[in-house]
Amino acid sequence: MKKTTGPKYPVQPPRRAGGTKLIAAWLKDTDIGQEHSQEVAAKPTGHRWWQVMCLSGLDYFSTLGYQPAIAALAAGALAPLATLMLVAVTLGAALPVYRRVANESPHGQGSISMLERLLPHWKGKLFVLVLLGFAATDFMITITLSSADASAHIIENPYTPDWFNGQQIIITLVLILLLGALFLRGFHEVIWLAVGLVATYLLLNVVVIAVAVASLVSDPAPVDHWWLNLTATHSNPWMMIAISLIVFPKLALGLSGFETGVAVMPQIRPTPGDTEANPRGRIAGARKLLLTAALTMSVFLVFSSVVTTLLIPAPEFQPGGAANGRALSFLAHSMLGDGFGSIYDLSTILILWFAGASALAGMLNLIPRYLPRFGMAPEWARAIRPLVLVLIGIAVVITIAFEASVDAQGAAYATGVLVLMASAAVAVTISAKRQGQRWRAIGFGTVSVIFVYTTAANVVERPDGIRIAAFFIAGIIAVSLISRFRRSTELRATSVTLDSAALEIVKTSTEDSMVRIIAHEPVRLSAARYRHKLAHAKMASHLPEDARVLFIEIKVSDFSDFAQDIKVCGVTRHGYKILQAEAPSIPTAIAAICLEIRDVTGVMPHIYFRWTEGNPVRNLLRFLFLGQGEIAPLTREVLREAEPSIARRPWVHVG
């Protein structure tokens with residue numbers, strides 16, 4: 001069997017100046033941030049799991065900047081108990097779900113790819129686009145909200161000059177542009193910067209929490225005051241649990257980071273023996289990443305909630321209060337002085353700003369794996385740098401539209417996070433059920449109910465989130481369908497494989513430096529049908545009576561796919577030589593095979609069609625969505641775009 005790479009999506013580059021060519025080459029470079037020495041090239045690509053954990057943990061750990069204040073504002077004296085429930089859901093629900101997602105989707109597509117396999121054809125594609133809309137909501141709002149929160153911390157610091165007041169939009173835009181500049185340079189620098197920021201931020205939090213705990217040990221009066229307040233307000237333990245469950249959706253932002261954790265899996269260095277189909281070492285690294293991040297965050301959440309609830313007066317958590325959205329920062333200033341507090345603020349500002357890095361990394365992994373493969377994005381979307389520029393541009397628009405307001409974007413952020421987590425829980429439930437794992441299916445089903453309830457409660461309470469997500473979903477679907485329409489006549493074959501029988505048929509059918517091919521729909525396969533088809537071609541196209549001809553039959557596979565490898569088999573039926581193949585689209589497959597025959601044999605193919613009956617508009621829609629339709633003119637159009645030289649273009653005859 002001979003496999004040759006078919007013509008890729010051909011682009012005719014316009015004439016450009018030298019500087020423009022350099023810029024274009026720089027944008028298309030896929031090895032950004034990589035060193036090219038022989039020593040480095042010999043090393044495994046990727047990073048250690050704990051380094052990648054810091055990248056995904058930027059989003060996760062940065063929630064310490066505002067999560068304790070959210071818990072105190074939502075639950076009051078019950079904040080520690082509500083936080084314990086959040087930790088229970090983290091370790092008992094979210095962690096098992098995403099460890100299984102990492103195992104079944106090791107290339108970073110996450111639960112989206114698991115659910116894609118459940119629905120065939122266009123249903124699956126549209127479902128994926130909707131989930132990508134929620135993923136875009138989650139990741140893009142992470143970029144803009146975190147940068148906006150970082151700019152708020154800059155403005156609120158006591159040492160910040162007064163002229164910074166009122167400049168939150170400008171400061172946020174600067175932070176977003178700096179983030180994009182880092183990614184344009186490369187992942188190598190982003191990873192190591194993430195490691196430094198996370199290590200510093202967690203260390204400073206250890207200092208603040210340790211000093212606060214020591215204060216409570218030396219003077220337990222705040223503990224006694226909190227307990228009296230708690231029992232006076234909530235005397236029934238069951239009522240405490242019920243209220244904690246009611247406010248749980250408001251604390252759900254403390255779960256953000258799991259989807260990012262699996263999205264950045266491709267950055268984990270594979271181990272010897274890993275294969276594309278079974279990257280066991282990468283999966284093991286991702287499971288360590290998720291477990292370590294969840295345990296670390298759980299410890300910090302519990303202790304931070306306890307010390308902030310006990311040591312900060314309740315009015316300070318209210319909007320406009322000194323601890324609103326920055327409870328640990330409040331303790332750092334009040335207990336360790338403005339000098340240490342400013343250092344803590346700087347670390348918080350940096351990690352909040354850089355939390356967008358993990359979200360941007362997730363988008364850069366998801367988009368090239370889905371949209372170009374669906375034909376729903378330009379081919380340049382596979383390259384990192386152009387995609388970074390597009391995503392940063394969107395982030396700029398979002399920031400201006402929401403005036404860099406953290407509160408205005410919070411609902412959309414929570415909605416995106418919770419929908420993705422609910423979809424992941426449903427995906428692993430279905431997976432366990434299909435694999436006959438009854439008890440695991442029951443357990444994951446229970447988790448699904450928890451996340452679906454949390455998502456629904458969040459949407460009911462904060463409907464703005466679903467409205468904002470709807471804009472992302474509508475935008476992705478609209479742009480995707482427009483792109484699919486514009487790219488419909490591209491040569492959609494990633495490769496063409498001719499088996500030995502197909503090559504033999506082509507060579508024996510060569511006559512007068514040409515090979516004559518008759519297109520035949522593989523529906524009626526009787527000898528009489530082939531005789532009729534051949535007779536019509538001879539009559540309509542004036543073929544010689546003794547002409548050597550062969551038939552080509554394309555069976556439509558998944559018509560919602562955009563491109564795939566085409567495998568051509570040669571068969572003999574009723575004495576007629578036939579080339580058979582499967583492809584998403586008949587015209588593009590015929591064009592790709594004709595070009596491959598030309599390149600392999602050096603003989604020019606001539607392809608013969610009959611006109612397709614029916615309304616031309618309806619036939620066009622059948623081509624766009626079902627891969628069929630008006631075959632002859634569309635095959636000719638695909639060939640015209642793929643081969644600009646008329647002398648080298650296979651001939652299309654229609655009778």
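A: Start with the surface of this predicted model. The protein chain exposes about 28,500 Å², and carbon and sulfur atoms supply 63% of that area.

Q: What share of the residues counts as buried?
A: Of the 655 residues in the protein chain, 54% count as buried.

Q: How many helices and strands does the protein chain have?
A: The protein chain has 23 helices and nine strands.

Q: How much of the contact count comes from residues 24 or more positions apart?
A: Take the contacts in the protein chain with a separation of 6 or more: residues 24 or more positions apart account for 81% of them. Thr-497 and Cys-569 are 72 residues apart along the chain, and their C-alpha atoms are separated by 8.5 Å. Thr-497 belongs to strand 2, residues 493–498. Thr-497 counts as buried because its relative accessibility is 6%, and buried means under 20%.

Q: Which residues does Arg-516 touch, leaving out those up to four places away in sequence?
A: Arg-516 touches Glu-511, Leu-543, Pro-544, Ala-547, Arg-548, Val-549, Leu-550, His-606 and Tyr-608. Arg-516 lies in strand 4, which spans residues 514–519.

Q: Is Arg-516 buried or exposed?
A: Arg-516 counts as buried, with a relative accessibility of 9%.

Q: How do I describe a pair of aromatic rings?
A: Two values are used: the distance of the centres and the angle of the planes. In this structure the count comes to ten aromatic pairs. In one of them, the ring centres of Tyr-60 and Phe-61 are 5.9 Å apart and the planes are at 20°, so the pair is stacked. The cut-off behind that step is that planes under 30 degrees apart count as stacked. Tyr-60 and Phe-61 are both buried.

Q: Are the rings of Trp-226 and Trp-227 stacked or tilted?
A: Their centres are 6.1 Å apart and their planes are at 55°, so this pair is tilted. Trp-227 has a relative accessible area of 49% and is therefore partly exposed.

Q: Which residues do ring pairs link into a cluster?
A: Ring pairs link Tyr-60, Phe-61, Tyr-98 and Phe-258 into a cluster.

Q: Where does the charged end of Arg-438 sit?
A: The charged end of Arg-438 sits over the ring of Trp-439, at 5.0 Å from the ring centre.

Q: Which residues form a nonpolar patch on the surface?
A: Leu-91, Leu-291 and Leu-295 form such a patch, and together they have about 210 Å² of accessible area. One of these residues, Leu-291, lies in helix 13, residues 280–311. Leu-291 is partly exposed, with a relative accessible area of 33%.

Q: At what N to O distance do the side chains of Glu-643 and Arg-598 meet?
A: Glu-643 and Arg-598 meet in a salt bridge at 3.0 Å, N to O. Glu-643 lies in the loop between helix 23 (631–642) and strand 9 (651–654), and Arg-598 lies in helix 21 (residues 586–601), so the pair ties together parts that are 45 residues apart in sequence. Glu-643 is buried, with a relative accessible area of 10%.

Q: Where do Arg-640 and Glu-637 lie?
A: Both lie in helix 23, three residues apart, which is about one turn of the helix. Arg-640 and Glu-637 form a salt bridge, and the closest N and O atoms are 2.6 Å apart. Arg-640 is partly exposed, with a relative accessible area of 36%, and Glu-637 counts as partly exposed at 22% relative accessibility.

Terms used. Residues numbered from 1 in each chain as written. Predicted model: local features only at pLDDT ≥ 70, side-chain atom pairs only at ≥ 80, totals over all residues. Heavy atoms only, no water. Helix = DSSP H or I, 4+ residues; strand = E, 2+ residues; numbered from the N terminus. Buried < 20%, exposed > 50% of the residue type's maximum accessible area, 1.4 Å probe, protein only. Contact = heavy atoms within 4.5 Å. Areas by Shrake-Rupley, 256 points an atom, 1.4 Å probe, with all protein chains shown as cover. Phe/Tyr/Trp six-rings, centres within 6.5 Å; stacked < 30°, edge-to-face > 60°. Lys NZ or Arg CZ within 6 Å of the ring centre and 35° of its normal. Patch = residues over 30% accessible without salt bridge, like charges linked within 9 Å, V, L, I, M, F, W, Y side chains within 5 Å. Salt bridge = Lys/Arg side-chain N within 4 Å of Asp/Glu carboxyl O.
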